[in-house]
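Please open the structure in your viewer and keep the selection tool at hand. We will go from stop to stop, and at each one you will be told what to select and what is there.

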Amino acid sequence: MRLSHFVIALGASMFCAYAQGADVANDAQHTAAKTAAEVCSACHGVNGRSVSPTFPNLAGQTAAYIEIQLKAFKDQSRADPDAQAYMWGMASQLSDGMIGALAAFYAGQPAAPSAKAGDPALVAKGKRVFEEGVPARQIPPCASCHGAHAEGQAIFPRLAGQHAPYLLKQLLVIQNVLRTAPVMHGVIKDLTKDQMQSVVLYLESM
Amino acid sequence: MLVCRRLLQALGIGSCVALASPALAVPSFARQTGMACAACHTVFPELTPFGREFKLNGYVLDNIRQIKGITVENRETLALNSLPPLSMMLQISYTHTAAALADANVPGALAKDGDVLFPQQASFFYAGKIADGLGAFVQLTYDGVGDSFGFDNTDIRYAKHLDFGGAPGSAHPNVLIGVTVNNGPTVQDVWNTTAAWGFPYSGSSVAPTPITSTKLEAGAGGIGQNAAGIGVYTWINNSIYAEFSIYGAAIRGGNHPLDSTQSNVIHGISPYWRLAYEYRWDRYSMSFGTYGIQAKMHPGSLTGTPTPLAGPTDRYTDTALDFQYQFIGEDHLFTVLATYISEKQKLDASFNDLFVQNSSNDLKSLKLVGEYSYQRTIGGSLGFFNTTGTSDTGLYPSGSGTPLAPLPVSGSATNSPDSRGYVAEVNYLPWLNTKLQLQYVAYDKFNGGKQNYDGAGRNASDNNTLYLLGWVLF
């Protein structure tokens with residue numbers, strides 16, 4: 001085989017492999033979108049914007065965070081009450097590929113617009129906790145990990161626009177070590193319930 | 001329920017046996033989905049919005065390993081749960097009526113009051129996925145009063161989401177379509193305002209109950225499970241439901257092919273319709289709906305020589321309105337249920353046979369229920385029911401024989417179907433699949449009267465019923 005033929009053949013086979021890979025990726029995305037629409041949407045709403053505050057908004061959530069959580073549901077290392085009641089079963093048969101595709105799908109959806117303003121005094125108090133922390137209790141600002149606008153980054157979840165009752169419940173189950181979250185255990189161990197309530201109202205209003 | 005579904009109403013003999021409402025939630029589904037009862041139920045058997053989605057989607061959501069079969073074209077030919085979604089239910093009950101009932105065998109004597117049923121009911125279920133998109137709820141029940149074992153609620157359905165194409169996540173309507181095959185109108189319904197899954201979710205199967213009910217209720221006049229139906233439905237954007245079904249006679253036991261010894265046999269095909277709109281916001285959901293059936297029926301005759309079912313029929317047209325409101329909080333759960341059914345009866349066959357006084361009658365039923373639960377553990381319910389209708393000496397007789405002797409308990413001295421009362425319940429669920437219930441049914445009016453309603457000296461309040469229930473599913 002002449003070198004030019006070899007290069008052409010190699011190029012063609014690489015293109016086919018790439019195209020096939022793209023097809024597989026498209027298939028995975030399509031399956032994830034279909035699963036999200038037909039299954040997950042029953043609780044998490046159309047395209048990840050949930051109606052009930054029992055279930056978190058997933059639209060615009062960071063892919064890394066969703067992936068970690070789905071794997072934690074699947075191996076049952078995340079064991080708060082709602083995780084056990086709802087997500088242990090739902091995640092039990094998800095493949096790693098499907099988990100990745102679902103995470104990418106929700107990360108790609110526009111975040112839920114906030115419709116709740118909250119009590120202004122509490123929201124202002126929550127904003128201070130979020131941006132400045134509680135120095136007297138050695139609680140660092142939430143913004144340092146979750147981003148200045150609570151938009152989330154990598155493994156640190158997006159909190160902006162999330163349902164306040166859901167966030168409050170997560171803070172409580174993490175503080176009570178019903179949900180494992182290594183960084184957060186130390187950060188919020190001295191956060192009071194009042195401070196929790198104000199910060200979640202601020203986050204919901206964002 | 002298996003008790004005395006075949007009614008003697010058209011012959012003018014009212015049923016005096018209560019029909020405990022069939023109402024179940026099954027651990028089969030929990031086994032299949034891996035989700036706790038609370039995902040689908042507020043307090044079983046009442047459904048949450050997710051529970052309604054699960055049923056409408058054909059009971060097929062599965063989270064257990066599947067035994068699969070595919071063709072070389074990758075078409076799925078089998079998707080079977082590796083473990084069958086089976087479960088069992090047991091109900092143990094105690095019934096005490098305010099005044100003892102007349103003994104069935106000794107004229108003038110009273111029967112023992114305080115009836116323990118162990119079990120009142122015991123059921124086996126297959127409830128879950130059969131194949132991709134196809135699922136079933138099949139219940140086999142042993143009935144403690146009838147000492148019999150047989151088919152109970154059954155709903156087999158196929159559902160599929162329409163694929164509108166487009167990019168993943170692109171906006172398009174979420175449209176589910178489905179087909180249901182079931183053994184009685186409202187067995188397929190997902191709101192707890194309808195009879196098959198309505199309040200009270202369990203009741204005494206030995207206490208007296210009013211002389212009649214509409215065709216779409218679980219009481220003495222209801223079609224119940226004496227029918228087989230097939231229907232198509234759609235569920236659009238998780239809010240709009242539309243269904244059209246047809247029902248035909250499917251009576252178990254007795255003479256087959258069906259003849260005049262069977263009572264209330266559906267003639268031909270009866271159309272059934274259902275429309276509902278559900279709106280969900282925050283932790284709330286609210287639905288408004290209508291449903292109804294038009295059934296032509298042969299009244300039948302339990303005496304004489306069997307003859308073919310032919311000739312004129314009785315025509316019943318039921319039109320119902322329903323409303324449901326739910327609040328599902330972390331600690332507090334509230335539900336309001338309301339149903340109004342108007343039934344028009346055109347009784348050509350019964351009138352020709354001199355079974356009834358009037359060729360046309362009306363019957364109306366109103367039910368209002370409020371429910372509360374604290375952390376799905378302790379709760380209570382209060383219900384109001386009111387049935388009114390045209391008086392008829394044939395349908396609601398004051399007596400039998402010549403000379404006319406009163407019909408104790410089941411008769412109506414005023415030939416009226418009017419009954420009104422309250423149901424109060426206290427429930428304690430030490431575990432999500434175990435319910436201990438205290439229920440009290442108080443009658444303000446029974447078969448047309450408050451005092452001496454049967455002409456034999458019995459008052460409506462004599463039928464007030466204390467009912468204790470232990471109900472466990474596993």
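Predicted model: local features only at pLDDT ≥ 70, side-chain atom pairs only at ≥ 80, totals over all residues.

Begin by selecting chain A and chain B together, where 18 residues of chain B are in contact with 26 residues of chain A. On the chain B side, the elements that give two or more residues are helix H2 (37-40), helix H3 (49-56) and strand E11 (270-281).

Next, select residues 227-236 of chain B, which form strand E8, and show the side chains. In a regular strand the side chains alternate between the two faces of the sheet.

Strand E7 (residues 175-182) of chain B pairs with E8(B) in the antiparallel sense over 8 bridges, and B:Thr234 is the bridge partner of B:Ile177. Strand E9 (residues 240-249) of chain B is also antiparallel to E8(B), with 10 bridges, and B:Tyr233 has B:Glu243 as its bridge partner. In the hairpin of E8(B) and E9(B), where 3 residues lie between the strands, look for B:Asn237, which takes a positive phi near 50°.

Finally, select strand E13 (residues 314-328) and strand E14 (residues 332-347) of chain B, which run antiparallel and are joined by 15 bridges; B:Asp322 stands opposite B:Thr339 in E14(B).

Methods. Residues numbered from 1 in each chain as written. Chains lettered and ligands numbered in written order. Contact = placed C-beta atoms within 7 Å. Helix = DSSP H or I, 4+ residues; strand = E, 2+ residues; numbered from the N terminus. Buried ≥ 20, exposed ≤ 12 C-beta atoms within 10 Å, placed from the backbone. Pairing = 2+ DSSP bridges.
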